[in-house]
Amino acid sequence: MICSIEEYLGKDEQKDLLRFLTAGSVDDGKSTLIGRLLFDSKKIYEDQLDALERDSKRMGNAGDHIDYALLLDGLKAEREQGITIDVAYRYFSTNNRKFIIADTPGHEQYTRNMITGGSTANLAIILVDARSGVITQTRRHTFLVSLLGIKQVVLAVNKMDLIGFSQDAFDKIVDDYLRFVEPLGIPDITCIPLSALDGDNVVSKSKRTPWYKGVSLLGHLESVPIDRDRNYENFRFPVQYVLRPGQDFRGFSGKMAGGIVHKGDAVTALPSGKTSRVKSIVVYEGEVEYAFPPQSIAITLEDEIDVSRGDMLVHPDDLPLSGRNFEAMLVWMDEEPMDTDKQFYLKQTTNTTRAHIDSVRYKVNVNTMEHSPAENLELNEIGKVYFTTGKELFFDPYKSNKQTGAFILIDPVTNNTSAVGMIIGKIDAKDLQGEDMLVVIDLNRLGIGKEHYRAIEKIQKELKYQGIEIRIIK
Amino acid sequence: MLKYMDTSHNLQFSLTHLRELEAESIHIIREVAAEFENPVMLYSIGKDSSVMVRLAEKAFAPGKAPFPLMHIDSKWKFREMVEFRDSYAKKAGWRLIVESNIEAYKAGVGPFTHGSKVHTDLMKTKALLDALDKHKFDAAFGGARRDEEKSRAKERIFSFRDKFHQWDPKHQRPELWDIYNARIHKGESIRVFPLSNWTELDVWQYIRIEKIPIVPLYFAKERPIVNIDGNLIMADDHRMPEELREKARMMKVRFRTLGCYPLTGAVKSEAETIEQIVEEMMTTTQSERTTRVIDFDQEGSMEQKKREGYF
């Protein structure tokens, strides 16, 4: 029992945060389910309810029920079409936890939005209609979830009321799903029979499914671990911004992307390879002894070594992969198809480089997961791609660290985010089809004397910051 | 194998939701400072702005933030807001830019004479757009939260604006992980919302645990109030028409949001502390924006204003 507001706030302050994604087809009742979670957790205010009742009468699709879906379809155009067209974020909390829902649409042309909504999710709820079971869209959603590396999936079998809460039907859907999902290697899958419209097994266990031994959906969301997506083992600190308030302080600020760092740890700065020790870990309140993901901190070093934005601090005996060639799964997000002749900007952690798509190895059919050869990718297509970058990057496979294994590709002309990628690993330059684009400048051959070396090194450094690496031969 | 983990000291490696949100916001703010040439933090003097400003102070400690605050003064803000603005900026050492639509002000534009729509268009939206152009800011932080209003729930954290400051909800850049696309052409800009994932309760909690100063108008006090079409409007100065001012009577009220005083309704309240405000909020049945008069104009009106460049 909570006795006072102070006590309530004290407890609220200690809650953690779970981010989850919801995916389903147009009529699976996804918006109804989210509306139910918000409604039952008493987040819906009375004035929103008034407007809702008004709207439900005018354009609702739920008959006499309140149309919970109308709560969520925010934008005018969407309300007119009766479908959700983009990712919408929703917030609610229970006595134990805070939640952020990324509500994403289910229909084909919007794979892009589901990928967007799912990138920060700790868990995904995939809805199926109990009457139709596992369908093509279920497979597609699950594949995308596995591609994003979401480790916890809930298969929510909705509309159980329409099939008389039949255990046999539920079991069959679960069997189908588990058989299909096995090769994808998602570690944690929970299947729950639901009726979002009536509220069965949403917040509390339903009497209408006595055969179901698990917990309700909300019970599950409240108890799953949230830190499974973080890497606490390999210290990775991409430097974001150098703090220099005065002569006596030089702090490298950034967000912990992996591992734990302690005051006194030996660290290597990449790409320079120079080594020093952590002198202090600084936050606004003062110094701390250690830091872990996803904290935003600043690190000062014992020695004056050259470190700037885009560099990475790591432990000397635990280096990330490094190089200018790697393979990745790429999701094309732009209406303009991939142009392999183009030089893109690639942003990974705090590092931006020029990048070139060497070749598309294959594309994946998101419905059947079959591979087929491809020259390029179009909107919503997914494929394995080889990359060459203009400067050296420091990365890990996305599987072992999302923060250092993810990147976006930016069109240099339109500045759109054209594609997003998840690194698989490093490749050798000999496996590339195209030519290496590293520019080599031989100063002797050009007759440039030693007195200009300092200026040339400055230019080399600035070019690198702007994403182009050149090799100088002196 | 956690070779660098000091197991003997039983260290904690989890964050509360507030500390996680804080870390996310600081990362966003630093990213803007690193990627843009001329960013600005829009400061509305409200509680959300106060939290955002504190996060910016945290992001660059022990140094100062490498961008100024800018307040768009519609000339009809509560007097206490302006006093608070000036004293806070001075005390905390912020460079503060204040911009207004002086032309419209001199022409006598105000909500009582011109209505809320004309006033908002000229004194807020136009004043903001002109100020952004005048200073050539390429990124502007705003304190908006996604839980405030339906159209905001779908907006990106880095929200692209074209040369005319317009937002196109159908062509938003995909935004994944914590990798933000900051690339723009000359004349275009990005609005950045570091508090996107905070809720109203999170903001109050943070103000409480961080002891962040806020404008006293948020707390209940006896104030001179006129009931105008069901909205409790404070008679803050002599510019309120006399026939309205005469009807003012003292009521114990507070404000859930702050803006132009003739357009911001008060709520009857006894809440004099943050704890009492939260208690009231949890038991109240009205969501935050209902005390803002401008929302009533037309259905989807906030989305319309956002497309035009208003926050």
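Here is what to select next and what you'll find there.

Keep in mind that this is a predicted model, scoring ipTM 0.89 and pTM 0.89. Color chain B by confidence: its pLDDT averages 88, and 87% of the residues score at least 70. The best part of chain B is strand β1 (residues 39-42), with a mean of 98, while helix α9 (residues 301-308) comes out lowest at 59.

Now jump to chain A and select helix α6 (residues 111-118). How many of its residues are buried? The count is 8 of 8, including Arg112(A) and Asn113(A). Show the surroundings, and you'll see these buried residues packing against several elements of chain A, among them β1 (16-23), α7 (136-147) and β23 (417-426).

Most residues other than glycine have a negative phi, and most peptide bonds are trans. Select Asn415(A), in the loop between β22 (406-410) and β23 of chain A: its phi is near 65°, and the residue is buried at 3% relative accessible area. Then try Asp229(B), between β7 (221-228) and β8 (231-234) of chain B. Phi is near 50° for Asp229(B), but this residue is exposed, at 75% relative accessibility.

Last stop: cis peptide bonds. One runs from Pro293(A) to Pro294(A), with Pro294(A) in the loop between β14 (290-291) and β15 (296-301) of chain A. Another joins Ala61(B) and Pro62(B), with omega about 5°; look for Pro62(B) in the loop between α2 (47-59) and β2 (69-72) of chain B.

Conventions. Residues are numbered from 1 along each chain as its sequence is written. Chains are lettered from A and ligands numbered from 1 in the order in which they are written. This is a predicted model: local features need pLDDT of at least 70, side-chain atom pairs count only at pLDDT 80 or more; totals for chains, interfaces and linings use all residues. Side-chain values use heavy atoms; hydrogens and water are left out. pLDDT is the predictor's confidence in each residue, from 0 to 100. Helices (H or I, at least four residues) and strands (E, at least two) are DSSP runs, numbered from the N terminus. Buried means under 20% relative accessible area, exposed over 50%, partly exposed in between (1.4 Å probe, protein chains only). Contact means heavy atoms within 4.5 Å.
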